[in-house]
Amino acid sequence: MRDLSEIRSDIDRLDDELIDLFKKRMDCAKEVGYYKLEKNIPVLNQKRENEILDDVQKKGGEYGLYARLLFSNIMELSRALQHNIVCSGKELRDKIKNAPEMPDGKSVTVAYQGIKGANSHEAALKLFPNAELKNYKSFGDVFEAVNNSEATFGILPVENSTAGSVSAVYDLILQYRFYIVGALEMPIDYCLAGLKQSEFSDIETVLSHPQALSQCSEYCGKHNLTPVPCANTAVAARDTMREKRLNYAAICSYKAAEEYGLKILDNHLQDNPHNATRFIVISKQLYIGSDANKISLCFSLPHVTGSLYGLLCRFNSLGLNLTKIESRPIAAKDFEYLFYLDFSGSAHNNQVIDLLSQLSEEMPEFSFLGNYNEK
């Protein structure tokens, strides 16, 4: 058996040879890019790539699958280089370049789901303290209000640190393809609120939004409380007051308890002491501020083995941090999915806009959903 230092010496020598060969191959890819630019030929030739990968896997012998993965990554990087040469995604580049800053919020109307005292209402107040706020019954109604220009912006919860994603909102994002122009991560602190005459020992039934009930499930189980779902936490507070039952209480915010004249029977009910909900701001108009630090996209994937891995390879090659990836089934299509993706970055960065332009050319149903600041 050879000494480890001898084996490593061979690896270093082979690595140097691989680097030289890789550079020569990328130079060839660059030449192909200029040829495609001159002849107006699409960058992606999936048939040729598949043929090469099949041949590589066959020639790779016992390492065939590893060789296929290596060459798949090389092809992803070669295509990225060629997309930059042919200046792919001109329409998207122009849209991002010409996007205005967010308005000051003084003369806009903002839609939110629920009633006064709901978490969405509080998020709207934090994001747009000087705007006119309008409440709507459902998440879909908020999207329609923006769609019909009844509201300039809409505020929606998309994710909770305990209960996870709000799937209904992601479905609507993928349906409407509005822009996301702002976001807020807001700590969520729940109290148990009942009638003025109620005592903690009286409570048997708690009303709240399903997400809030999920965030306080351990508390409810510990105290043998029967959960009853409501449209949102503020509605739970309002209905508790209307029902006038001593054994009823709401799991709601402190503001909602105050708004509807309830007595606080217990504090800090959430199972996770660091409980927080992420809210987004939607708009029909694209706005990109100078402090934008997060980008959202949606797309489907080509029906090619390893297509998701190849996509992630592009992000990894640029050192970009993915913060969220969510898949949702496509209606009327069996086992086909749309993907929602968040990553940290600015669309005004040349490498990032190049990547977005590449993806806009290759990913089916691609939509750039926005570049915004998350507070």
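Two strands count as paired here if DSSP finds at least two bridges between them, and helices (H or I, at least four residues) and strands (E, at least two) are DSSP runs numbered from the N terminus. This is a predicted model, where local features need pLDDT of at least 70, side-chain atom pairs count only at pLDDT 80 or more, and totals for chains, interfaces and linings use all residues. Residues are numbered from 1 along each chain as its sequence is written, and side-chain values use heavy atoms, with hydrogens and water left out.

**View A. Strand β7 and its parallel partners.**
Here β7 (residues 205–208) pairs with strand β8 (residues 226–229) in the parallel sense, over 4 bridges. Look for Ser-208: its bridge partner in β8 is Pro-229. β7 also pairs with β9, again in the parallel sense, through 3 bridges, and there Val-206 has Ala-249 as its bridge partner. Both faces of β7 are covered, with Thr-205 and Leu-207 buried on one side and Val-206 and Ser-208 buried on the other. Buried means under 20% relative accessible area, exposed over 50%, and partly exposed in between (1.4 Å probe, protein chains only).

**View B. Strand β6 and its antiparallel partners.**
Strand β6 (residues 191–194) is covered on both faces too: Cys-191 and Ala-193 are buried on one side, Leu-192 and Gly-194 on the other. With β9 (residues 248–252) it makes an antiparallel pair over 4 bridges, in which Cys-191 is partnered by Cys-252. A further 3 bridges tie β6 to strand β10 (residues 263–266), also running antiparallel. In that pairing Gly-194 sits opposite Lys-263.

**View C. Thr-233 and the residues around it.**
Thr-233 belongs to helix α10 (residues 233–243) and is buried, at a relative accessible area of 3%. Setting aside neighbours within four places in sequence, Thr-233 is in contact with Ala-118, Asn-119, Tyr-190, Ser-208, His-209, Ala-212, Ile-251 and Cys-252. Contact means heavy atoms within 4.5 Å. Cys-298 lies 65 residues from Thr-233 in sequence and 30 Å from it in space, C-alpha to C-alpha.

**View D. Helix α5, tucked in.**
Of the 9 residues in helix α5 (residues 119–127), 7 are buried, so the helix is largely enclosed by the rest of the structure. The buried ones are Asn-119, Ser-120, His-121, Glu-122, Ala-123, Ala-124 and Leu-127.

**View E. The four-stranded open sheet.**
The 4 strands run in the order β13-β14-β12-β15, with antiparallel pairing. At the edges stand β13 (322–329) and β15 (367–372), each with a single partner strand, so one side of each has no neighbour in the sheet. Neighbouring strands are turned by 10° against each other on average, direction ignored. Strand β12 (residues 294–299) is joined to β15 by 5 bridges, and Cys-298 has Ser-367 of β15 as its bridge partner.

**View F. Helix α4 crossing helix α13.**
The axes of α4 (residues 90–97) and α13 (residues 350–362) come within 9 Å and cross at roughly 135°. Axes are lines fitted to C-alpha atoms, for helices over the stretch in contact, and angles run from 0 to 180 degrees between N-to-C directions. The two helices are therefore oblique to each other; angles under 35 degrees count as roughly parallel, over 145 as roughly antiparallel, 65 to 115 as roughly perpendicular and the rest as oblique. Leu-92, Arg-93 and Ile-96 of α4 meet Ile-353, Asp-354, Leu-356, Ser-357 and Ser-360 of α13.
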